[in-house]
Amino acid sequence: MAETTGVEIQLEGVTKRYPGQREPAVDGFTMKINPGEITIFVGPSGCGKTTTMRMINRLIEPTGGRITIGGEDALSLNPDDLRRRIGYAIQQAGLFPHLTVAQNVGVVPRLLGWDKRRTRARVEEMLDLVGLDPGEFLGRFPRQLSGGQQQRVGVARALAADPPVLLMDEPFGAVDPITRGNLQDELMRLQAELRKTIVFVTHDFDEAVKLGDHIAVLGDRSRILQYDTPEAILANPADDTVAGFVGAGASLKQLTLLRVRDIELSTESATATEDESPAEVRKRLEASGKTFLLILDSQRRPLRWGHIRQVSGDSLAGVGTPVGDRVSTQSTLQDALEAILTEGGDAVVTGSRGEYLGTVQLDTVVAKIRELRAEHTS
């Protein structure tokens, strides 16, 4: 089905006061959020960024101000109807533990009255979209999933009813760094395809720079300290507080603005599929003068690094050391640099289906850092 693209959100003088508190939690927040972009709210804990975001779908009711979504007054709608039209993804996925993956993803379509056939088709489509095989995952329960898989199901559930707006409240904060990087890459891949209006809350400035089309750096009571593109904030922080978020090494952070797809990949590494004859592979390695090769499966997904000394016997199955941290074309050059340092060699790059595309070499990243530094100091 054709996906609904994002719409503009306007917040005008939005305020939240809690009884018994002298100061408002959010004080006169005004912002235009562009359609089809990822807008990041970043700031310290307790500054009001999550409260501000939750007022968009009225999980928290504003005390004052106006919110429009696609030109429609959000405060005039039934809150339940409003929430069914806005996707919502949170930290640790928030899945219902007693429901299967299929039932979790299908929650909102069922509430909207979709029939079983349409709901089932949409659930399968969403799982495939977030990289989970429906045949394998439909009947599983959340406890049978890894943290990263749970977050993917959470995103699939948030997108199931095809909302124009997606709110994400630190959705990747509870997973390990490698999984977090993979989920960020996945979100960027999805956004390139779907063009939703995404409001994303984080306290991690590096995550904000990696994901955001625009970043709002927020202070106390959600006061906007700077609202601009990542490039502009890195190059010219508005004040000392924003500069503190940017931190040291702004030129190195520029690597977060560049994607692996923006540089030329190396295709120098020798490769072989697991079903090839070891004798033929060894002959090829000797002729090329190479000592290492990357072993791929039948769909050309990287499996292991092997040395020429290990290429013998009847099969390449099990030969070599498993490929560890890898990156995708959506990954940043900072991700690639981290993978190179972790693996102690070239970073393996994969495509949207996990297929091998090439490698990123340290020399390429270092050259790009020098280029960025020269631009930054010129």
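## Report on a predicted protein chain

Of the 378 residues of the protein chain, 50% count as buried, a term that stands for under 20% relative accessible area with a 1.4 Å probe and protein chains only, whereas exposed stands for over 50% and partly exposed for what lies in between. This is a predicted model, in which local features need pLDDT of at least 70 and side-chain atom pairs count only at pLDDT 80 or more, while totals for chains, interfaces and linings use all residues. Residues are numbered from 1 along each chain as its sequence is written, and side-chain values use heavy atoms, with hydrogens and water left out.

The radius of gyration, taken over C-alpha atoms, is set against a globule rule of 2.2 Å times the number of residues to the power 0.38; for 378 residues a compact globule would have a value near 21 Å, and the 23 Å of the protein chain agrees with this.

Confidence is given as pLDDT, the predictor's value for each residue from 0 to 100.

| Part | Mean pLDDT |
|---|---|
| Protein chain | 91 |
| Helix α12 (residues 250-253), lowest | 66 |
| Strand β1, highest | 98 |

Where pLDDT is low, the predicted coordinates should not be read in detail.

Helices (H or I, at least four residues) and strands (E, at least two) are DSSP runs numbered from the N terminus, and the protein chain holds 15 helices and 17 strands. Four strands form an open antiparallel sheet in the order β2-β1-β4-β5, where pairing requires at least two DSSP bridges. Because β2 (26-33) and β5 (72-73) stand at the edges with a single partner strand each, one side of each has no neighbour in the sheet.
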